[in-house]
Amino acid sequence: MERHRRQQMKNLYSKLASLLLPPASEVNLPLPALLDYSLTHVKNLKERIQELEAKKEKLKGEIGSSTADIVLQAVKIIEKGPILEVNLETGLHKRFILPEVISILEEGGAQVLSASYATLTDRVLYTISSEASSPRIGIETSRLHDRLKALGGTGCFFSSL
């Protein structure tokens, strides 16, 4: 029984060493050093978790969690036959939810073809190209315009071509 227990402990220590040390490591740490290294590693991981949680809370505070923080500075809707192009401009550090805009487009009868963005010094520009899901029905741009305006808030500039 003692031999079995020692073999089991040896297997557990080697498993611990394989988790902590690089795979190609030929370093054979004595058991006390391996345990000390393990404790130090776990403490460092706990500190890292606390740092990341603090950073996460700080970012949540900067961004905010309400939709009132979503700021569209400008929206431009361009119709080119069956193709609809939506250009959006937001502040660099403002909360912006692209899936909500895509949902608005899809609910308005558009099928999104592509989406891209460009980051400038103080703002982000988004371009979403879409086409009518059903060419006979088309896309109701006035409804899209109203829904995007509601998402963008009162300080948003809109134009349609």
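This is a predicted model: local features need pLDDT of at least 70, side-chain atom pairs count only at pLDDT 80 or more; totals for chains, interfaces and linings use all residues.
I take buried to mean under 20% relative accessible area, exposed over 50%, and partly exposed in between, with a 1.4 Å probe and protein chains only. Residues are numbered from 1 along each chain as its sequence is written, and side-chain values use heavy atoms, with hydrogens and water left out.

**Entry on S130.** I looked up S130, which sits in strand β4, and found that S130 is buried, at a relative accessible area of 0%. Leaving aside residues up to four places away in sequence, I list P82, I83, L84, A110, Q111, V112 and L113 as what S130 touches, where contact means heavy atoms within 4.5 Å.

**Entry on the strands.** Helices (H or I, at least four residues) and strands (E, at least two) are DSSP runs numbered from the N terminus, and I count two strands as paired if DSSP finds at least two bridges between them. Strand β2 (residues 83-91) runs antiparallel to β4 (residues 123-132), joined by 9 bridges, and in this pairing L84 stands opposite S130. Strand β3 (residues 110-119) also pairs with β4 in the antiparallel sense, over 9 bridges, with S129 of β4 as the bridge partner of S114. I note that β3 and β4 form a hairpin, with 3 residues between them.

**Entry on helix α3.** In α3 (residues 98-107) I find V101, I104 and L105 buried. Seen down the axis of α3, the buried residues fall within an arc of 100 degrees, so they line one face of the helix; the arc is that of the directions from the helix axis to the C-beta atoms. Just after α3, G109 takes a positive phi of about 95 degrees.

**Entry on the largest pocket.** On a 1 Å grid over the protein atoms alone, a pocket is an open set of points where a 1.4 Å probe fits, with protein on both sides within 12 Å along at least five of seven lines, and lining residues have an atom within 4 Å of a point. The largest pocket holds about 170 Å³ of space, and of its 10 lining residues, Y13, S14, A17, N28 and L29 are the closest to its centre. Elements giving two or more residues to this lining are α1 (2-20) and α2 (31-63), and α1 supplies the largest share, 4 residues.

Methods: Grid points are joined across faces, edges and corners, and a volume is the space filled by probe spheres set on the points.
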